[in-house]
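I opened the notebook on this chain to look up its fold, its cores, its disulfide and a few single residues. The entries follow the order in which I looked.

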Amino acid sequence: MRFNRSVLSLSAVAALAAGSTAVLASPASAAPNTTPQKVCGSAYKTVNSAAVGSLGTIYLTYNSGNGRNCVATIRSTPGTAVDMSAWIYVPDTDQGASDSGRYTSYAGPAYVYGKGHCVDWGGSIKNIYVSVSGSNCGALKEQRVTTVR
């Protein structure tokens, strides 16, 4: 799936401003022991993560076999469905993917090819939004922003 950078940026800003509003036909659900590997696949190894307050964690994973990254937002304690999201974007290739909706356990997976590229990624649970830009670029320092609305 190809994303236009301005469309993805606008979508990310809109999601951050208004909260996730897209709803999938069947919400993701999982046991309390959900891991990034259960969401993304066993070949994906966690390379970065960001806490979403005390509500959960967003995981950035990478599969060295196919060069793809995956992002999943996983709640600390599954329960009643709440607004959640997971997104990833590769500025160099203008490729991105996202998932948002009302979920009981996790949002994602969202996959994009990222071998040799910096990635921007993030997600949300309820009213807490996290974005990480310039991530996994070697010597460059990433920027993290957490917003509560």
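What share of the contacts in the chain with a separation of 6 or more comes from residues 24 or more positions apart? I looked this up and found 54%, where contact means heavy atoms within 4.5 Å.

Before going on I noted that this is a predicted model, in which local features need pLDDT of at least 70 and side-chain atom pairs count only at pLDDT 80 or more, while totals for chains, interfaces and linings use all residues. I also noted that residues are numbered from 1 along each chain as its sequence is written, and that side-chain values use heavy atoms, with hydrogens and water left out.

**Fold.** I counted 2 helices and 9 strands, taken as DSSP runs (H or I of at least four residues for helices, E of at least two for strands) and numbered from the N terminus. Along the sequence they follow the pattern α-α-β-β-β-β-β-β-β-β-β. Of the 149 residues, 42% count as buried, meaning under 20% relative accessible area with a 1.4 Å probe and protein chains only, whereas exposed is over 50% and partly exposed lies in between.

**Sheet.** I traced an open sheet of 5 strands in the order S5-S4-S7-S8-S9, with antiparallel pairing; two strands pair if DSSP finds at least two bridges between them. S5 and strand S9 (143–148) stand at the edges with a single partner strand each, so one side of each is left without a neighbour in the sheet. Within this sheet S4 and S7 pair in the antiparallel sense over 6 bridges, and Trp 87 stands opposite Gly 122 in S7.

**Cores.** I then looked for nonpolar cores, which are sets of buried Ala, Val, Leu, Ile, Met, Phe, Trp, Tyr and Cys residues joined through side-chain atoms within 4.5 Å. The largest has 21 residues, and Val 71, Ile 88 and Trp 121 have the most contacts inside it. Among the elements that give two or more residues to this core are strand S1 (45–52), strand S2 (56–63) and strand S6 (106–113), but S4 gives the most, with 5 residues. Apart from it lies another core, of 7 residues, including Val 39, Tyr 44, Cys 70 and Ala 72.

**Disulfide.** Cys 40 and Cys 70 form it, with their sulfur atoms 2.0 Å apart. The torsion about their S-S bond is about -75°, so the disulfide is left-handed. The pair links distant parts of the chain, 30 residues apart, with Cys 40 in helix H2 (residues 36–40) and Cys 70 in strand S3 (residues 68–75). Cys 40 counts as buried at 6% relative accessibility, and Cys 70 also counts as buried, at 0%.

**Asn 69.** This residue is found in strand S3 and counts as buried at 5% relative accessibility. I found its side chain reaching the backbone oxygen of Thr 61 at 3.2 Å. Leaving aside neighbours within four places in sequence, Asn 69 is in contact with residues including Tyr 44, Ile 88 and Val 119.

**Val 130.** My last entry concerns Val 130 in strand S8, which counts as buried at 2% relative accessibility. Beyond its neighbours within four places in sequence, Val 130 is in contact with Trp 87, Trp 121 and Gly 122, among others. Val 130 and Val 148 are 18 residues apart in sequence and 9.0 Å apart in space, C-alpha to C-alpha.

Definitions and conventions:
A disulfide is a pair of cysteine sulfur atoms within 2.5 Å. A polar contact is a pair of N or O atoms within 3.5 Å; within protein, one must be able to donate a hydrogen and the other to accept it, and residues adjacent in sequence count only if both atoms are side-chain atoms.
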